[in-house]
Amino acid sequence: MERDKPVIVLVGGEHADVIEQEFRARYDRDYRIEPVVGFAAGLDRTRGLVAEGAQIAMIAAEHLLDEGTSIEFLRQVPAVVATARRVALVSWEDFSEALDDLRAAALEREMDTFVLIPRAPRDEEFHTALIELLSEWGWSVGRPLVTVTDVVAEPGDRAAAAVRDLLDRMGFPHRALEPSDDEAQELIEEAGPGARLPLVRTFTGRVVSGATAATAAEAIYGGFDEIPEGVIADVAIVGGGPAGLAAAVYAASEGLATVVVERDAIGGQAGSSSMIRNYLGFPRGISGMRLAQRSRIQASRFGARFFTGRPATGIEPGPVDEPEHQHVHVRGAQFCARTVVLAMGVTYRRLGVPAVDDLVGAGVYYGAATSMAREMQGRDVFVIGGGNSAGQAAIHLAKFASTVTILVRRHDLAETMSAYLTREIDATSNIRVRPRTVVTDGGGEGRLGWLLLEDLDTGEHAKTTADGLFCLLGAEPDCSWLAEGVALDDNGFVLTGRDVPREAWVDGNPPASLETTVPGVFAVGDVRAGSMKRVASASGEGASVLPLVHAHLARLRAREFGA
């Protein structure tokens with residue numbers, strides 16, 4: 001039905017007819033197009049649609065309106081509907097004069113983007129910009145109409161919430177069903193006697209009983225028991241974040257037999273970012289999920305194999321009577337590889353407040369948990385952390401929550417957060433920053449209901465209601481499982497190149513720049529000591545490690561040939 005479609009509001013001026021024609025030609029089937037002319041009419045129609053309960057996916061406003069510019073109009077939209085994508089439409093004749101103002105408005109996040117009004121048919125650059133925004137809206141705000149996975153669980157089931165978060169981060173559209181739903185009954189019968197909730201049916205048709213995020217991930221990508229025995233991969237990559245994905249793409253594209261093992265969702269912490277705006281090549285930004293999804297598909301098409309759901313537990317040299325290689329152990333399985341790339345990234349530190357940690361999955365989340373944002377509609381939410389991940393999470397949550405409060409130990413966000421994020425936070429009316437503040441206690445009836453906050457300067461405590469707490473604290477590496485021969489710094493990060501202890505150098509020469517103290521074992525991305533903790537730099541290191549891998553493989557072939 002027309003009324004059930006997401007809405008695109010078109011606010012036109014002189015070119016209203018051209019704009020309407022362009023949108024109807026492409027989007028009329030899937031969206032309800034609502035054209036109006038004029039500044040005041042645009043706001044009135046938007047308010048009316050919100051009152052009707054319509055889902056507004058996008059508001060596109062011509063730059064020159066009767067009572068102001070698109071910037072002035074779109075600046076007022078979040079007070080009416082915070083989740084709609086905002087686009088300024090600029091005519092060619094007005095573009096040069098308006099460009100500086102449009103750039104400044106986009107920088108201050110007063111709009112999502114600006115595009116030129118098409119002057120001829122098939123303006124694919126125009127539609128690419130719109131489709132990218134509508135795609136991100138559909139993933140983060142809208143509900144999928146076509147799903148590939150079903151999750152059956154009782155309301156409030158923590159394991160099911162973790163599964164749904166995993167599916168969101170991997171870009172798998174899914175349905176959340178309650179046991180009483182008709183579709184759920186069919187799945188329960190299919191699972192057979194003794195099946196336990198939550199139930200997950202993957203796109204392959206497999207049904208997982210008593211599902212967890214780990215077992216669901218393994219069911220989607222294939223179990224570790226599918227690893228062929230006796231096969232030695234050229235590269236085993238531990239970790240499926242940006243660094244590991246980049247390494248996988250380049251290794252597989254260059255013909256190397258490549259396997260990736262990831263204990264969680266492919267994409268790592270970056271995969272949970274609602275929008276990364278400073279990644280090279282994406283001028284309108286890209287969500288962490290979409291970046292990870294595209295990279296995963298790209299690596300898979302070159303032949304890389306992914307295994308998820310279990311963490312790596314050890315690395316050790318293979319038998320001396322076999323060609324030189326490493327054994328990478330996961331729980332209940334083993335990989336054999338001539339080289340290993342450590343790309344595990346880091347994990348968020350725990351808050352260390354037992355009463356709060358007891359509510360993980362019930363209002364308390366570690367990481368951005370993008371899938372939970374929709375459930376925070378009209379609620380009071382807190383974010384702990386002063387890094388870019390915390391800033392991105394707060395901005396995304398603010399589209400749904402009534403209030404978002406960022407808690408940081410430092411005096412302000414500028415010390416640890418990128419300037420573009422601090423500007424956007426300053427411009428978001430329902431985000432508040434509380435510096436020099438920590439959480440000391442919390443609780444609720446079955447889920448988070450309140451927090452106790454401490455002012456670090458005065459020592460005063462204040463109790464406040466809280467419906468959600470997202471912890472994006474400082475990050476720490478998880479390298480305790482590595483062999484003793486892999487040198488770590490005092491903070492537990494992997495040492496490489498000239499940073500390794502001199503006693504580990506061979507003939508006075510340090511290992512290669514990204515090589516650890518174990519020949520043939522490399523480290524890239526956030527887990528590496530001294531790395532820049534940014535998505536782009538992690539991807540760069542993942543790509544940069546390949547020449548070193550090739551050089552090591554060449555040395556192995558030379559030894560084997562010489563033998």
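Two strands count as paired when DSSP finds at least two bridges between them; strands themselves (E, at least two residues) and helices (H or I, at least four residues) are DSSP runs numbered from the N terminus. With that in hand, let us walk through the structure. This is a predicted model, in which local features need pLDDT of at least 70 and side-chain atom pairs count only at pLDDT 80 or more, while totals for chains, interfaces and linings use all residues. Residues are numbered from 1 along each chain as its sequence is written, and side-chain values use heavy atoms, with hydrogens and water left out.

Another set of strands can be followed around β16 (residues 326-330). β16 pairs in the antiparallel sense with β15 (residues 312-317) over five bridges, and E316 has H327 in β16 as its bridge partner. β16 also pairs with β17 (residues 333-342), again antiparallel and over five bridges; here H329 stands opposite Q334. β16 and β17 form a hairpin with two residues between them, and G332 in the turn has a positive phi of about 85°.

Now turn to the helices. The axes of α1 (residues 16-27) and α5 (residues 124-140) come within 12 Å and cross at roughly 65°; these axes are lines fitted to C-alpha atoms over the stretch in contact, with angles running from 0 to 180 degrees between N-to-C directions. In this contact (heavy atoms within 4.5 Å), E22, F23, R26 and Y27 of α1 meet E124, F126, H127, L130, I131 and L134 of α5.

Of its 66 residues, I8, F23, L89, L351, L451, L469 and F470 touch the most other members. α5 gives the most to this core, with six residues. Leaving aside residues up to four places away in sequence, I8 touches F23, Y27, Y31, R32, I33, E34, M58 and L134. A second, separate core of 45 residues includes I266, L514, A538 and L546.

Definitions and conventions. Core = buried A, V, L, I, M, F, W, Y, C linked by side-chain atoms within 4.5 Å. Buried < 20%, exposed > 50% of the residue type's maximum accessible area, 1.4 Å probe, protein only.
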